[in-house]
Amino acid sequence: MKNRVNRFIILTVILLLGASCTPFKPKQRQSPEGELPQTFSLYAAESEPTARWWEEFNDPDLNALVNEALIDNLTLKEAWSRLDQIRALAVQAGSALYPDLTGTGGAYYARRRSDNGSLTTVTNEDYYLGVASSYELDLWGRIRSDRESALLEVTATREDLNTAAMTLAAEVANHWVNIISARMQKRLLEHQLETNLTFLELIELRFHMAMVSVLDVYQQKQVVENVKAEIPLVEVQEQLLLHELALLLGKLPRTSLKITRKDLPEPVEIPATGLPADLLSARPDLRAAGMRLRAADWQVSAARANRLPAISLTGQAQYGEGDLDVLFDNWLVSLAGNLAAPIFDGKQRAAEVDRTLAVVDENLAAYRQTVLTAVKEVEDALVNEAKQREHVKALENVVVTARRALEEATVRYRNGLNDYLPVLTQLLLVQGLERNLIRQKANLLGFRINLYRALGGTWTESLTP
């Protein structure tokens with residue numbers, strides 16, 4: 001009997017050692033992202049940008065808004081909850097690597113009365129306690145593969161959260177820029193309204209002196225009313241942006257938000273972009289796609305291992321009422337092993353292997369698509385900012401020239417050298433250019449924010465719920 005127990009223990013140890021390896025462990029992939037360009041088209045060699053890129057705008061209000069959004073944004077809180085769910089599933093997936101232990105207990109009580117000439121009462125009582133355990137020997141690494149896949153899914157879900165945080169920071173910064181732009185446009189329109197009213201007073205005075213026709217008066221009144229009509233549009237734009245920003249902060253739409261800056265900041269020089277290959281570690285969406293590709297590889301290993309025989313061990317120990325005095329000496333112990341080997345399953349397990357292989361191909365294509373999209377986003381942001389800078393510079397020159405032309409047309413009109421049409425034309429042109437210049441400067445900052453977002457970063461790793 002002792003020899004049998006020893007042989008059983010030795011066999012169990014061998015099986016456990018065999019279970020510690022994973023015969024179907026996926027092979028390491030070589031460059032799954034495919035071919036990447038050596039550099040970006042507009043490679044910048046300046047120093048690396050700060051980790052929290054919005055701080056480069058040097059505005060404490062913006063810093064406070066982004067920090068508040070990263071804490072209170074409800075979409076981000078949803079992402080934290082999803083991460084907790086995936087972590088719990090990973091714990092469940094790995095629990096099968098360890099034996100379970102279940103306590104058992106029961107009680108039986110019966111009382112019977114009989115009358116066979118004399119009244120007799122018979123009472124039966126029985127109590128028992130015990131433990132039961134079961135364990136599947138992971139000979140082929142199926143359980144371990146499932147756990148590895150689940151752990152990679154946890155990492156991928158955290159990277160999804162990091163992606164959401166980066167997107168959130170960019171959205172807050174974009175709303176901040178657009179709110180300041182709307183306020184600048186409103187102030188400009190109010191200033192233009194004052195200028196147009198001054199022109200209207202001058203024309204009306206000249207009309208009363210019979211120096212101009214009533215057509216000039218009506219034309220200038222039309223300009224005044226046009227500016228008045230533009231003011232409500234920028235006001236509603238500002239309010240809608242404030243509502244959206246409040247929602248990003250997890251607040252009610254009418255919440256008062258502190259934005260004290262009067263003018264748009266000037267963007268610094270284009271930050272260092274690094275190499276396209278750097279995006280693989282800098283962008284959380286790429287890291288997430290890579291993790292899901294590896295998780296799919298482990299699922300293939302689990303599906304292949306599931307086609308092989310499985311060995312399960314079950315054990316039980318129990319003692320009853322009569323054993324209470326010899327609790328540790330008189331246990332009733334049972335141990336059994338079960339072997340389950342698939343013989344015919346209608347190709348169910350083989351189809352599962354094919355399915356998981358197709359999932360790998362899907363994730364591989366998705367990963368490469370994500371990589372190409374990331375490179376494209378950086379290229380787009382670089383080109384957009386470079387050309388937008390040229391456009392803003394040229395637009396500033398146009399505004400300067402148009403203002404000079406307006407001054408000259410106004411002088412000639414006051415001196416009676418020309419009618420009001422050249423003044424009206426230049427006035428409309430200048431005021432339209434001034435409003436457009438504010439919008440284009442806001443667009444320039446938007447392209448810079450897009451560049452920061454496209455370059456990614458690791459600042460999200462310090463985020464906590």
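# Aromatic rings, a pocket and a cavity

Guide: In this predicted model, Trp53, Trp54, Tyr452 and Trp459 form one aromatic cluster.

Visitor: How many aromatic pairs are there by this rule?

Guide: The count comes to five aromatic pairs.

Visitor: What makes the rings of Trp53 and Tyr452 a pair, and why is the pair called stacked?

Guide: Rings pair if their centres lie within 6.5 Å, and planes under 30 degrees apart count as stacked. The centres of the Trp53 and Tyr452 rings are 5.3 Å apart and their planes stand at 15°, so the pair is stacked.

Visitor: Are Trp53 and Tyr452 buried or exposed?

Guide: Both Trp53 and Tyr452 are buried, a word that stands for under 20% relative accessible area.

Visitor: Why is the pair of Phe57 and Trp176 called tilted?

Guide: For Phe57 and Trp176 the angle between the planes is 45°, with 6.0 Å from centre to centre, and the aromatic pair is tilted. Phe57 lies in the loop between H1 and H2 and Trp176 in helix H4 (residues 142-208), so this pair ties together parts that are 119 residues apart in sequence. Phe57 is buried, and so is Trp176.

Visitor: How do you know that Arg206 lies over the face of Tyr413?

Guide: For an Arg, the CZ atom has to be within 6 Å of the ring centre and within 35 degrees of the ring normal. Arg206 lies over the face of Tyr413 at 4.7 Å from the ring centre.

Visitor: Which helix gives the most to the lining of the largest pocket?

Guide: Helix H7 (residues 284-305) gives the most, with eight residues. The largest pocket holds about 380 Å³ of space, and of the 16 residues that line this pocket, Gln28, Arg29, Pro32, Gly290 and Arg294 are the closest to its centre.

Visitor: What is the volume of the largest cavity, and which residues line it?

Guide: The largest cavity has a volume of about 40 Å³, and a search of the whole structure finds one cavity of 30 Å³ or more. Its lining consists of Glu56, Phe57, Glu266, Pro267, Val268, Arg448 and Tyr452; by class, that lining has four nonpolar, no polar and three charged residues.

Key
Residues numbered from 1 in each chain as written. Predicted model: local features only at pLDDT ≥ 70, side-chain atom pairs only at ≥ 80, totals over all residues. Heavy atoms only, no water. Phe/Tyr/Trp six-rings, centres within 6.5 Å; stacked < 30°, edge-to-face > 60°. Buried < 20%, exposed > 50% of the residue type's maximum accessible area, 1.4 Å probe, protein only. Helix = DSSP H or I, 4+ residues; strand = E, 2+ residues; numbered from the N terminus. 1 Å grid on protein atoms, 1.4 Å probe; cavity = no way out; pocket = protein on both sides within 12 Å on 5 of 7 lines; lining within 4 Å. Points joined across faces, edges and corners; volume = space filled by probe spheres on them. Nonpolar A, V, L, I, M, F, W, Y, C, P; charged D, E, K, R; others polar.
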